[in-house]
Amino acid sequence: MAVFGKGYDHFLGYALSGGGAKGFAHLGALKVLEKCGLKPDVIAGTSAGSLAGVFYADGYHPEEILDLFREKEFREFAELAIPKTGLFKSTGLHGFLKKNLRARSFEELQVPFYAVATDWNRAQTVVFSEGDELVDAVVASCSVPIVFQPQYIHGVPYVDGGLLKNFPVSVIREQCRYVIGVNVAPIIPVAEKDTIRTMAERTFNLMSNSNTLIDKTHCDILIESKGVERYAMFDLDNMDKITETGYHHAAIKMSEKESWTIVEKCHKHYQRQEKVRKHIQRLRERGIGGN
């Protein structure tokens, strides 16, 4: 049901891009958005954005999400595999999510959430938003091809959503009055010395960047974390620095006049919501309107 006119189901949505460990910049950006008094009505995430987004939708604050990852190493999220379809199994990540997520289904999350993955067989973007496959969907969204084996859901192999839709703005654009997009995947520089790892990382980075161009134009506020490109895809040692970088650039963007105009409109919306809530509560107290 459209409740905000012009066919909008939600007032404010967040779109969080993929980017590997650069995704910790999302947490810095979310801290700034919280300080602005903003609350998303829906969240869409790809890969690292899916990982940050699902915890945020589950009611975790950015610092609490950081605490979950502190003192973790890459090997805790990946299990070495016989390299048929990927170098690693994602059993560690699957277990991490299952252990720490309070919700067991999309419907149990506090905020509606969309996890973006790629159907490997059909070469299509798939958006998961309902059902009990919450953990499987997020793992699928994070399953970088070659690095991780595909995640199977109902017999279908899925890989990282960034392959075709690294910045999922268009996933929620038509539903939302305003969309704030956080892109943490700038083009990484050429390595001083090429290795299989750096070649694979830059290849995936270039591919995913090419499919973000249109989505960037669909943001009402676009936050880009410049500077995070110096960090490797699986760099868990610098999560605090990456988070600080995300915070810094989000603070600059949200201080701009155009951004603050939208923030003020969101605050007015919250005030209207509160008035409606209080009015409904008074009617219920008087026995009018039912449950």
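A charge sits over a ring if NZ of Lys or CZ of Arg is within 6 Å of the ring centre and within 35 degrees of the ring normal. Keep that in mind for the first view, and remember throughout that this is a predicted model.

**Figure 1. Two charged side chains sit over tyrosine rings.** Lys39 lies over the face of Tyr270, at 4.4 Å from the ring centre. In the other example, Tyr60 has the charged end of Arg102 over its ring, 3.9 Å from the centre.

Figure 2. Searching the whole structure turns up seven aromatic pairs. One of them joins Phe11 and Tyr178 edge-to-face, with 5.6 Å from centre to centre and 70 degrees between the planes. Phe11 belongs to strand S1 and Tyr178 to strand S10 (residues 176–183), so this pair ties together parts that are 167 residues apart in sequence. Both partners are tucked away: Phe11 is buried with a relative accessible area of 7%, and Tyr178 is buried with 6%. Now look at Phe106 and Phe113: their ring centres are 6.2 Å apart and their planes are at 15 degrees, so this pair is stacked. Phe106 counts as buried because its relative accessibility is 4%, under the 20% cut-off. Phe113 is buried too, at 2% relative accessibility. Elsewhere, ring pairs link Phe24, Phe55, Tyr60, Phe69 and Phe96 into a cluster.

**Figure 3. Helix H2 is largely enclosed by the rest of the structure.** Ten of the ten residues of H2 are buried, so you will find the rest of the structure around most of this helix. Its buried residues include Gly49, Leu51, Val54, Phe55 and Tyr56. After H2 comes Gly59, whose phi is positive, near 100 degrees.

**Figure 4. Helix H3 has a buried face.** In H3 (residues 62–69), the buried residues are Pro62, Ile65, Leu66, Leu68 and Phe69. Looking down the helix axis, you would see these buried residues fall within an arc of 155 degrees, so they line one face of H3. What do the buried residues of H3 pack against? Their partners are helix H1 (24–35), helix H2 (48–57), helix H4 (91–100) and helix H9 (239–254).

Figure 5. Ala21 lies in the loop between strand S1 (10–16) and H1. Is Ala21 buried or exposed? It counts as buried, at 4% relative accessibility. Although Ala21 and Phe234 are 213 residues apart along the chain, their C-alpha atoms are separated by 5.2 Å. Leaving out residues up to four places away in sequence, Ala21 touches Ala232, Met233, Phe234, Asp235 and Ile242.

Figure 6. In soluble globular proteins, nonpolar side chains tend to be buried together. Here, the largest nonpolar core has 65 residues, and Tyr14, Leu38, Phe55, Leu97 and Phe113 touch the most other members. Zoom in on Leu38: not counting residues up to four places away in sequence, its contacts include Leu12, Tyr14, Ile180, Met254 and Tyr270.

**Figure 7. One stretch calls for caution.** The chain averages a pLDDT of 88, and 87% of the residues score at least 70. Over residues 78–82, however, pLDDT stays under 50. For this stretch the model has 15 contacts beyond four places in sequence. Where pLDDT is low, the predicted coordinates should not be read in detail.

How values were computed: Residues numbered from 1 in each chain as written. Predicted model: local features only at pLDDT ≥ 70, side-chain atom pairs only at ≥ 80, totals over all residues. Heavy atoms only, no water. Buried < 20%, exposed > 50% of the residue type's maximum accessible area, 1.4 Å probe, protein only. Helix = DSSP H or I, 4+ residues; strand = E, 2+ residues; numbered from the N terminus. Arc of directions from axis to C-beta. Contact = heavy atoms within 4.5 Å. Phe/Tyr/Trp six-rings, centres within 6.5 Å; stacked < 30°, edge-to-face > 60°. Core = buried A, V, L, I, M, F, W, Y, C linked by side-chain atoms within 4.5 Å. pLDDT = per-residue confidence, 0-100.
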